[in-house]
Amino acid sequence: MKKYILLLSLTLAATQIKAQNKAEEFEIKTSLINPQKISKIGDGHYFIDFGKAFFGNIEITSKTKHSDSIILRLGEKLELPNKIDRNPGGTIRFQEVTINNLPANQPTTLQLKADKRNTGPNAIKLPKEIGIIMPFRYLEIENLKVPIENLTISQKAIHYKFNDNASSFSSSNKIMDSIWQLCKHTIKATSFMGYYVDGDRERIPYEADAYINQLSHYSVDNEYTIARRTNAYFIDNPTWPTEWLLHTVLMFHADYMYTGDVEPLKAHYENLKLKMLMDLERADGLISSKSPNLDEALVAKLGFKKGDKQIQDIIDWPGAQKDTGWKVARPEGERDGYEIVPVNTVVNSFYYYNLILMADIATALNNSGDAILFKNKAEKVKEAINSKLFNHEKGYYLDGETSTHSSLHANMLPLAFDLVPEKHIKTVTEFVKSRGMACSVYGAQYLLEGLYKYNEEKYASALISDTIGDRNWWNMIKVGSTMTMEAWDMKYKPNSDWNHAWGTAPLNAITRFMWGIRPKTPGFETATIDPKLGDLAFSEIKVPTKKGFIYAEHKKEDNKTVYKITIPDGMQAEFTKPKNASKVSLNNKKVKKKSASVMLKSGVHIIVVLH
């Protein structure tokens, strides 16, 4: 049975959502999805599985009139086989609706109840034409008095326009393949708002969530308008965590690199300078959210309004049990015991990376004065971090100034942001690996980036495909979710939802760091391909770009690896030679040993690497 019976190109085009006091039109699609399984439970009682959760509603059309009432239950989670969990816990969704009748040959949808929090004043609003929707995978029908064969039952899925064929990935590791598919579906299914929102609990954009969502979205589709809209939203609607503010520059820079468009940078350059929190600098270059410079005037300039939650460091989320009051499985929460001191390593690592990216942005805007300023400041901050926030005896980073504690976070972020001096990379990576998955699904973004960057690809890939315990992506599949969850498991965050795109780090890490396919120059004029494929015996990947699709595959054969790479028209790519390569040939021609990389023009290329 085909999964999709109809894709309505309902460009609910007429739909307008207000952002920054401007009405913006964008395409929200409706897909009608067939059931994958229909099971009879009893007389007039049926269980229906649509295969995957989407945000939406049910559409039922009956060939004959049904005059009696019908009970319909929608949910994300099962209590037992063929039974939806009526009390799923946290923010996992369930609703029961009774309809009085079913008219003949007329599509019927349910009048769902709105959730108070995710339709509140701070939430992004759905167009009225769409109505109230919820995430669900399963449907139960009870008290049905006509044959089930008389009904056409569809999951009416709401999502942003999405090209399912723009990307693909498969490999010798089937667990990794499943995780990639889980993440890809998450990106499509959570696009229903036309913004990158944090999940169904709040339906509010948060910068850190949005950044991971953006990177993963760019890895599966060459559609950039949701990111643009979300980025613009943050200019006037920042959120409270210090580190989240410091993601703003990262999002605008990512948009620039993938699209090559400088207009958003021009429009918001002065605000981006504010959002990097340079005003909070001390004489040594380090910043602190406890700085006396963070006064009411600066808070207002940053976009906060009276009554908004005050800016404070978050490190990771959720925090320790003593800070949240939640009963969680780990008393330290997801912070690995991080000691949050006024001048800390996590915040200043983000600040350093902001300076690096802002120097690039200033250069793109021909502002050489600012570019030099930011580069000089970056060097100063790097020196201060490595002299004042580093345990020189043990060879890895402390949580901050005055702290004697070292956490995963204080080390994985300097690694991800290229702050670690060459002589300390070994001790820092060893410490990072010793902590395991001691961070949240959000923190895993930077853990994976740092590991892949510094040649720990076997360990990074093992984390992605880990099936032991519950602090991994496989656990999300195991418990029954078809989208990435807000936390590793409900016991680690009791109010979690089952639809959080900030959990999709493996998707963009596989594309951007395991296969190493990223824009080297803005707009993918030149691509980087720096594969670190670890123990994979073979893999194939299709990556969308503004200029078309990059196809890449590899296969290990005895003492060699054969790569086949296709570059689209109008693009060239720099392929980085693997570190263990003894000989390399490109299209049957030997590559010089001294060459660290080879340039690929548009077209198909065969690269053979002898180990």
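**Ground rules.** I worked on a predicted model, in which local features need pLDDT of at least 70 and side-chain atom pairs count only at pLDDT 80 or more, while totals for chains, interfaces and linings use all residues. Residues are numbered from 1 along each chain as its sequence is written, and side-chain values use heavy atoms, with hydrogens and water left out.

**Entry 1, the seven-stranded sheet.** I began with the strands, taking helices (H or I, at least four residues) and strands (E, at least two) as DSSP runs numbered from the N terminus, and counting two strands as paired if DSSP finds at least two bridges between them. Seven strands make up an open sheet with antiparallel pairing, and their order is β14-β19-β20-β21-β26-β23-β24. The edges are β14 (168–171) and β24 (589–590), each of which pairs on one side only.

I then followed β20 through its two neighbours. On one side, β19 (residues 538–545) is joined to β20 (residues 548–557) by eight bridges, the two strands running antiparallel, and together they form a hairpin with two residues between them. Within this pair I found Glu540 opposite Glu553 of β20, and Lys542 with Tyr551 of β20 as its bridge partner.

**Entry 2, the four-stranded sheet.** An open sheet with mixed pairing has four strands in the order β17-β18-β22-β25. Its edge strands are β17 and β25 (597–600), each pairing on one side only. I noted an average twist of 25 degrees from one strand to the next. Inside this sheet, β18 (residues 526–529) runs parallel to β22 (residues 572–576), with four bridges between them, and Thr528 stands opposite Glu574 in β22.

For packing I used axes that are lines fitted to C-alpha atoms, for helices over the stretch in contact, with angles from 0 to 180 degrees between N-to-C directions. Helix α3 (residues 225–236) packs on helix α5 (residues 248–259) at an angle of about 150 degrees, with the axes 10 Å apart. That angle makes α3 roughly antiparallel to α5 (under 35 degrees counts as roughly parallel, over 145 as roughly antiparallel, 65 to 115 as roughly perpendicular and the rest as oblique). The α3 and α5 crossing is left-handed (the near helix is turned anticlockwise from the far one by less than a right angle; clockwise would be right-handed).

For α9 and helix α10 (residues 368–388) I noted an angle of about 160 degrees, with their axes 8 Å apart. That makes α9 roughly antiparallel to α10, and the crossing of α9 and α10 is left-handed.

Most residues other than glycine have a negative phi, and most peptide bonds are trans. Against that background I looked up the bond from Trp317 to Pro318, which is cis with omega near 0 degrees; Pro318 is found in the loop between α7 (296–301) and α8 (321–324). In the loop between α8 and α9 lies Asp336, a residue other than glycine whose phi is positive, near 55 degrees.

On a 1 Å grid over the protein atoms alone, a pocket is an open set of points with protein on both sides within 12 Å along at least five of seven lines, a cavity is a set where a 1.4 Å probe fits but cannot get out, and lining residues have an atom within 4 Å of a point. The second largest pocket has a volume of about 590 Å³ (the space filled by probe spheres set on the points, with grid points joined across faces, edges and corners). Of its 24 lining residues, Tyr353, Lys453, Arg512, Arg518 and Pro519 lie nearest its centre. The helix α5 gives the most to this lining, with five residues.

My search of the whole structure found one cavity of 30 Å³ or more. The largest cavity holds about 40 Å³ of space, and its lining includes Arg137, Met483 and Trp498.
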